[in-house]
Amino acid sequence: MTAKPHPDDRAPAPIRAEALEALLTEKGLVNADGLNGLINRFVNDVGPMNGATVVARAWTDPEYRERLLEDGTAAVGEFGFAGPQGEHIVVVPNDAKNHNVVVCTLCSCYPWPLLGLPPDWYKDPAYRARVVREPRVVLSEMGLNLAEDVEVTVWDSSAENRYFILPERPSGTEDMSEEELAELVTREAMVGVAVVGSPT
Ligand code: FE
């Protein structure tokens with residue numbers, strides 16, 4: 001009888017992914033070109049700029065903001081942002097008194113069509129476990145120190161709801177165009193581990 005390997009003893013994720021891909025290709029279940037195309041699309045074409053476009057629109061168009069908070073999937077679909085891991089997008093707004101941050105405690109659910117593929121820190125078991133228990137500590141380790149009177153809420157993404165943070169529009173941006181505003185918005189701010197800073 002063989003013991004089941006402890007999770008830590010398993011081969012690293014990239015090796016397991018490669019083995020899985022080879023097996024699925026061999027069985028004819030996936031096509032290598034199609035898979036590479038999908039990966040390239042999410043690495044190169046889709047990235048946080050999609051999310052930043054949505055944020056800049058919400059900052060400049062109150063009616064769009066309303067639609068976005070009401071039905072995230074439909075509102076981002078107005079830009080054509082849709083596809084795998086883009087179903088059931090729920091948008092949560094940050095403001096001066098309420099700070100929201102996203103995690104997937106189970107795995108790495110993430111709104112691909114808006115942010116591309118998740119960064120390594122998002123998939124890190126330490127982030128996933130700790131941000132729920134001690135969000136302020138984790139956020140401060142990541143460089144975000146929140147005032148005592150700011151309420152912090154952690155949202156656990158899943159296949160049912162993929163959360164996306166609408167950061168607060170920083171001061172000093174009143175005269176900026178939508179395109180200029182989009183350039184200020186970072187991936188980290190749209191996951192809620194950072195805020196969008198005022199332009200210098
Ligand atoms: Fe997940």
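Hi everyone. A word on ground rules: this is a predicted model, where local features need pLDDT of at least 70, side-chain atom pairs count only at pLDDT 80 or more, and totals for chains, interfaces and linings use all residues. Residues are numbered from 1 along each chain as its sequence is written, and side-chain values use heavy atoms, with hydrogens and water left out.

Let's begin with the whole chain. You'll find eleven helices and four strands; these are DSSP runs numbered from the N terminus, helices being H or I with at least four residues and strands E with at least two. The C-alpha trace spans about 65 × 35 × 30 Å along its principal axes. Of the 200 residues, 33% count as buried, and here buried means under 20% relative accessible area, exposed over 50%, and partly exposed in between, using a 1.4 Å probe and protein chains only.

Now to strand β2, residues 98-103. Five of its six residues are buried, so β2 is largely enclosed by the rest of the structure. Six bridges join β2 to strand β3, residues 151-156, and the two run parallel; strands pair if DSSP finds at least two bridges between them. One example is H99, whose bridge partner in β3 is V152.

Next, the iron ion. Which atoms of the protein are its donors? They are C104 (SG), C107 (SG), C109 (N) and C109 (SG), at 2.1 to 2.6 Å. Donors are N, O and S atoms within 2.8 Å of the metal (3.2 Å for Na, K and Ca), and water is not among the atoms, so sites may look incomplete. In sequence, the donor residues are spaced C-x2-C-x1-C.

Why is the arrangement called irregular? The four donor atoms subtend angles of 80 to 132°. Four donors count as tetrahedral if all angles lie between 85 and 135 degrees; four count as square planar and six as octahedral if opposite donors are over 155 degrees apart and all others between 65 and 115; anything else is irregular.

Two of these cysteines are worth a look: C107 is partly exposed at 39% relative accessibility, while C109 is buried at 10%.

Finally, please find T173, in the loop between β4 (162-166) and α10 (178-184). T173 is buried, with a relative accessible area of 0%. Leaving aside neighbours within four places in sequence, T173 is in contact with L181, L184 and P199, where contact means heavy atoms within 4.5 Å.
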